[in-house]
Amino acid sequence: SDVCSSDLVQIKANNPINDLAVSAGSTLTAYYVFNNGTDSSTVKWYEWTNKVSNLIYTGTTLPTDYVTAGKVFSIIVYPFNGNDYGFSVESSQINIT
């Protein structure tokens with residue numbers, strides 16, 4: 001069977017993102033294009049500290065109480081179409097200011 005996939009994985013926000021930075025308190029949402037079947041993908045949010053990532057949340061939208069100044073986040077989308085898993089794709093890191 002064909003493998004599902006996710007393209008253009010990125011973090012979007014309700015406030016302007018400039019140079020991969022966005023203001024504290026913003027609503028951050030996973031954005032990606034899903035290919036091949038019904039989207040049953042999982043989105044995992046990671047916080048970066050000293051070049052080490054820690055899983056902090058699973059879901060499409062990160063709760064705003066996580067979004068505080070000085071944090072750095074990325075997401076990984078794990079594509080799944082109900083039958084098959086595709087290759088995971090990571091976003092760029094975003095800085096909270």
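## Close-up views of the predicted model

**View 1. Tyr46 has Ser74 as its bridge partner in strand 7.** The model is predicted, so local features are reported at pLDDT of at least 70 and side-chain atom pairs only at pLDDT 80 or more, whereas totals for chains, interfaces and linings use all residues. Residues are numbered from 1 along each chain as its sequence is written, and side-chain values rest on heavy atoms, with hydrogens and water left out. Strands are DSSP runs of E with at least two residues, helices are runs of H or I with at least four, and both are numbered from the N terminus; two strands are taken as paired if DSSP finds at least two bridges between them. Strand 4 and strand 7 run antiparallel and are joined by 6 bridges. Strand 7 also pairs in the antiparallel sense with strand 9 (residues 94-96) over 2 bridges, where Val72 stands opposite Asn95. A further antiparallel pairing over 2 bridges links strand 7 to strand 8 (residues 89-90), and there Ile76 stands opposite Glu90. Because 6 of the 7 residues of strand 7 are buried, this strand is largely enclosed by the rest of the structure; buried means under 20% relative accessible area, exposed means over 50%, and partly exposed lies in between (1.4 Å probe, protein chains only).

**View 2. The side chains of Glu47 and Lys71 meet in a salt bridge, at 3.4 Å from N to O.** The rule for a salt bridge asks for a side-chain nitrogen of Lys or Arg within 4 Å of a carboxyl oxygen of Asp or Glu, and the count by this rule is 1. Glu47 belongs to strand 4 (residues 42-49) and Lys71 to the loop between strand 6 and strand 7 (72-78), so the pair ties together parts that are 24 residues apart in sequence. Glu47 counts as buried at 17% relative accessibility, whereas Lys71, with a relative accessible area of 25%, is partly exposed.

**View 3. An open sheet is formed by 3 strands in the order 1-3-6, with antiparallel pairing.** Strand 1 (5-13) and strand 6 (61-62) stand at the edges with a single partner strand each, so one side of each is left without a neighbour in the sheet. Between strand 1 and strand 3 (residues 28-35) the antiparallel pairing extends over 7 bridges, and Ile11 stands opposite Ala30 in strand 3. Lys12 lies over the face of Tyr31, at 4.1 Å from the ring centre; for this, NZ of Lys or CZ of Arg has to be within 6 Å of the ring centre and within 35 degrees of the ring normal. Elsewhere, Lys44 lies over the face of Tyr78, at 5.4 Å from the ring centre.

**View 4. The structure contains 2 aromatic pairs.** Rings of Phe, Tyr and Trp (its six-membered ring) pair if their centres lie within 6.5 Å, and planes under 30 degrees apart count as stacked, over 60 as edge-to-face and the rest as tilted. Tyr57 and Tyr66 form a tilted pair, with 6.0 Å from centre to centre and 55 degrees between the planes; Tyr57 is partly exposed at 27% relative accessibility, and Tyr66 is partly exposed at 29%. Phe80 and Tyr85 form a stacked pair, with 4.1 Å from centre to centre and 25 degrees between the planes.

**View 5. Pro79 is placed in the loop between strand 7 and strand 8.** Its relative accessible area is 0%, and Pro79 is therefore buried. Leaving aside residues up to four places away in sequence, Pro79 touches Cys4, Ser5, Ser6, Phe34, Ser41, Asp84, Tyr85, Gly86, Phe87 and Ser88, where contact means heavy atoms within 4.5 Å. The C-alpha atoms of Pro79 and Leu20, which are 59 residues apart along the chain, are separated by 24 Å.

**View 6. The setting for these views is a protein with 0 helices and 9 strands.** The radius of gyration is 14 Å, close to the 13 Å that the globule rule gives for 97 residues, so the protein is as compact as a globular protein of that length; the radius is taken over C-alpha atoms, and the rule is 2.2 Å times the number of residues to the power 0.38. The C-alpha trace spans about 45 × 25 × 20 Å along its principal axes. Of the 97 residues, 33% are buried, and residues 24 or more positions apart account for 60% of the contacts with a separation of 6 or more.
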